[in-house]
Amino acid sequence: NNLKASMQRIANQSPKKYEAQLSKDIESTEKALKAFLPKQSYIVVNTTGNNFRLYDANGKPLREGLVSTGSFTVLKAGNDRQWMFKTPRGQLKVLKKTKDPVWKRPDWAFIEEGLKVPSPNHPSRFEYGTLGDYSMSLGDGYLIHGTLYKRFLGLPVTHGCIRMGDEDLEEVFTT
């Protein structure tokens with residue numbers, strides 16, 4: 001409503017005043033938008049298109065490519081447990097970066113395969129090499145990591161993590 005009222009008010013002015021007011025409004029809007037952008041490099045992941053774009057601290061695009069994101073599949077385990085495999089949305093932060101990560105398989109990974117769920121630190125929970133050379137934790141078990149299934153990049157096939165190809169992952173990790 002404020003924008004509409006502002007537009008009506010300035011539309012009644014002379015063309016020069018109208019243009020000056022528009023320029024001022026655009027500058028104000030761009031300034032407000034910059035306040036929401038990160039002050040360091042960042043990545044934008046499009047979960048609909050399953051692609052990403054990496055930006056530097058000034059908002060200049062550095063790299064873009066394909067990712068795989070959540071499948072939205074629901075896995076049920078009896079009447080009391082279920083998981084929906086979707087990638088979280090919103091502005092998230094990388095909380096931890098790991099080189100040569102080890103995946104600690106959650107309960108759903110065993111249930112999905114029809115296996116008995118082992119104790120929390122049983123050796124069968126730990127897989128080496130599954131996540132690629134790097135991982136970045138977004139919290140709540142969600143990671144940006146590599147994949148053994150590169151042919152699926154660009155498709156919604158994950159359990160919620162963001163999978164990337166090796167070269168893209170290395171660039172994002174080091175940036």
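Which residues of α4 are buried? They are D168, L169, V172 and F173, where buried denotes a relative accessible area under 20%, exposed denotes over 50%, and partly exposed lies in between (1.4 Å probe, protein chains only). The model is predicted: local features need pLDDT of at least 70, side-chain atom pairs count only at pLDDT 80 or more, and totals for chains, interfaces and linings use all residues. Residues are numbered from 1 along each chain as its sequence is written, and side-chain values use heavy atoms, with hydrogens and water left out. Helices (H or I, at least four residues) and strands (E, at least two) are DSSP runs, numbered from the N terminus.

**Sheet**

- An open sheet is formed by 7 strands in the order β1-β2-β3-β11-β10-β9-β6, with mixed pairing; two strands pair if DSSP finds at least two bridges between them.
- The edge strands, each pairing on one side only, are β1 (42–46) and β6 (96–99).
- From one strand to the next, the twist averages 30 degrees.
- Strands β6 and β9 run antiparallel and are joined by 4 bridges; K99 stands opposite Y134 in β9.
- Strands β9 and β10 also run antiparallel, with 4 bridges between them, and S137 stands opposite L143 in β10.
- The β9 and β10 strands form a hairpin with 2 residues between them, and D140 in the turn has a positive phi of about 55 degrees.
- The pairing of β10 with β11 is parallel, over 2 bridges; here H145 stands opposite R163 in β11.

**Helix α4**

- Helix α4 lies across β1, β2, β3 (61–68), β6, β9, β10 (142–145) and β11, and runs at about 60 degrees to β9. Axes are lines fitted to C-alpha atoms, for helices over the stretch in contact, and angles run from 0 to 180 degrees between N-to-C directions.
- The buried residues of α4 are D168, L169, V172 and F173. Viewed down the helix axis, these buried residues fall within an arc of 130 degrees, so they line one face of α4; the arc is that of the directions from the helix axis to the C-beta atoms.
- An α-helix has 3.6 residues a turn, so residues three or four places apart point the same way.
- Exposed residues E167 and T174 are carried on the face of α4 turned away from its buried side.

**Nonpolar cores**

- The largest nonpolar core has 12 residues, namely F52, L54, V67, Y134, M136, L138, I144, I162, M164, L169, V172 and F173. A nonpolar core is a set of buried Ala, Val, Leu, Ile, Met, Phe, Trp, Tyr and Cys residues joined through side-chain atoms within 4.5 Å.
- At least two residues of this core come from each of β2 (51–55), β9 (134–139), β11 (162–164) and α4 (166–174).
- A second, separate core of 10 residues includes L75, F85, W108 and L143.
- Apart from neighbours within four places in sequence, Y134 is in contact (heavy atoms within 4.5 Å) with T98, K99, P101, I144, H145, G146, L169, E170 and F173.

**Aromatic pairs**

- The count comes to 5 aromatic pairs. Rings of Phe, Tyr and Trp (its six-membered ring) pair if their centres lie within 6.5 Å; planes under 30 degrees apart count as stacked, over 60 as edge-to-face and the rest as tilted.
- Y42 and Y55 form a stacked pair, at 4.9 Å centre to centre and 15 degrees between the planes.
- This pair links distant parts of the chain, with Y42 in strand β1 and Y55 in strand β2, 13 residues apart; both Y42 and Y55 are buried.
- One aromatic cluster is formed by F85, W103 and W108.

**Loop residues**

- G70 is found in the loop between β3 and β4 (74–77) and is buried, with a relative accessible area of 5%.
- Not counting residues up to four places away in sequence, G70 touches F85, K86, T87, P156, T158, G160 and C161.
- The C-alpha atoms of G70 and I162 are separated by 7.6 Å, although these residues are 92 apart along the chain.
- N50, in the loop between β1 and β2, has a positive phi of about 50 degrees although it is not a glycine, and counts as buried at 2% relative accessibility.
- D100, in the loop between β6 and β7 (102–104), has a positive phi of about 50 degrees and is likewise not a glycine; at 52% relative accessibility, D100 counts as exposed.
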